[in-house]
Amino acid sequence: MHGVIARYRDRLPVTAATPVVSLGEGSTPLLAAPRLSDRLGVELYLKWEGANPTGSFKDRGMTVAMSKALEAGVAAVICASTGNTAASAAAYAARAGLQALVLQPHGAVTGAKVAQAGALGARVVQVRGSFDQALVAARTLDERGTHVLVNSLNPHRIEGQKTAAFEIVEELGGAPDVLALPYGGGGNVRAYARGFAEAAAGSPLLVAGEAAERATTLASAIRIAEPAHADEATRAVRESGGRVASLPDEEILQAWRDLAREEGVLCEPSSAAGLAALGRAELAPGARVVCVLTGHGLKDSETAARESAEPIVVDPDPDAIAEASS
Ligand SMILES: *Cc1c(COP(=O)(O)O)cnc(C)c1O
């Protein structure tokens with residue numbers, strides 16, 4: 001079955017009257033990570049959310065939010081975004097035949113994400129200010145009734161995102177001991193906590209990685225100074241017995257490199273914050289751990305290029321190639 005509404009309809013706020021707007025999101029791979037497992041002394045799996053249609057987990061929530069918006073008869077949706085919510089809103093709005101207005105902090109969104117939202121037909125407006133300021137503006141337009149907000153403050157987003165926990169429980173035959181993930185606005189932490197609670201298969205310890213320098217981190221998808229879900233997210237982490245780790249960018253980047261080079265999974269830097277947080281957690285030997293990789297590495301090709309060796313340029317001569325590559 002393709003799409004989270006098709007797969008989990010009975011656990012989502014939809015009825016037979018809800019028009020389903022889907023791009024086949026969800027059902028993402030849960031990959032074993034043998035090398036990083038050895039290093040951490042645990043049984044580590046990677047929930048590869050970069051495999052979603054627009055390259056991030058936002059699609060799980062957007063299919064529900066956009067379906068409900070279409071059902072309600074709205075004409076236009078709005079979001080503030082560091083890039084991935086905008087790309088997802090653009091795609092699902094196009095699919096639904098709705099207008100999407102996306103507000104991005106000027107100069108703070110990767111080139112690929114700006115291009116993605118634009119190519120999908122969204123009206124992209126860059127705000128001279130932070131993500132947090134853009135979100136305040138988006139909420140005001142939502143209150144005025146001209147647009148419906150599809151940020152994670154829209155409760156349908158969290159509902160859709162909880163389905164990732166269902167998939168993990170089904171695949172592992174129960175909840176993992178530990179679930180690690182990035183913590184930006186905190187919506188996804190809430191979504192996983194709710195998903196595991198509803199699956200009634202046990203609750204993992206939640207280990208959430210946030211940027212120590214929230215306002216300026218190079219991990220642009222979690223560059224959020226004032227997390228909208230801070231109270232609920234930190235409470236969920238505390239009640240699980242886990243912790244929030246505040247991470248310097250260098251630790252996030254090191255985890256990002258490790259995922260790429262040790263396991264062959266290129267996520268975006270923000271997505272590596274969960275693994276970086278695991279590096280600081282005390283993990284029981286042999287614990288079953290799932291690390292959520294929230295978005296695809298091609299979303300931030302600037303960082304990928306900057307952190308990689310320059311390609312070698314040679315003539316098409318086998319000897320020159322052999323010499324240059326030795
Ligand atoms: C949105 C996003 C996050 C942060 O999720 P929150 O729900 O805001 O905590 C992390 N990583 C990526 C790639 C994202 O797109």
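Trainee: Which residue forms a salt bridge with Glu250 in this predicted model?

Mentor: Side chains of opposite charge can pair when their charged atoms come close. For Glu250, the closest N and O atoms of the pair are 3.5 Å apart, and a salt bridge requires a distance within 4 Å. The partner is Arg257.

Trainee: Is Arg257 buried or exposed?

Mentor: A residue counts as buried when its relative accessible area is under 20%. Arg257 has 16% relative accessibility, whereas Glu250, at 46%, counts as partly exposed. Arg257 is therefore buried.

Trainee: How many residues apart in sequence are the parts that Glu251 and Arg280 tie together?

Mentor: Glu251 and Arg280 form a salt bridge, with their closest N and O atoms 2.9 Å apart. Glu251 lies in helix α11 (residues 249–263), and Arg280 lies in the loop between α12 (273–278) and β10 (288–293). The pair therefore ties together parts whose separation in sequence is 29 residues.

Trainee: Which helix holds the residue that Glu167 meets in a salt bridge?

Mentor: The side chain of Glu167 meets that of Arg7, at 3.8 Å from N to O. Glu167 belongs to helix α8 (residues 163–172), and the pair links distant parts of the chain, 160 residues apart. Arg7 lies in helix α1 (residues 4–8).

Trainee: Is Glu167 buried or exposed?

Mentor: The cut-off for a buried residue is under 20% relative accessible area. Arg7 has 27% and is partly exposed. Glu167 has 2% relative accessibility, so Glu167 counts as buried.

Definitions and conventions: Residues are numbered from 1 along each chain as its sequence is written. This is a predicted model: local features need pLDDT of at least 70, side-chain atom pairs count only at pLDDT 80 or more; totals for chains, interfaces and linings use all residues. Side-chain values use heavy atoms; hydrogens and water are left out. Helices (H or I, at least four residues) and strands (E, at least two) are DSSP runs, numbered from the N terminus. Buried means under 20% relative accessible area, exposed over 50%, partly exposed in between (1.4 Å probe, protein chains only).
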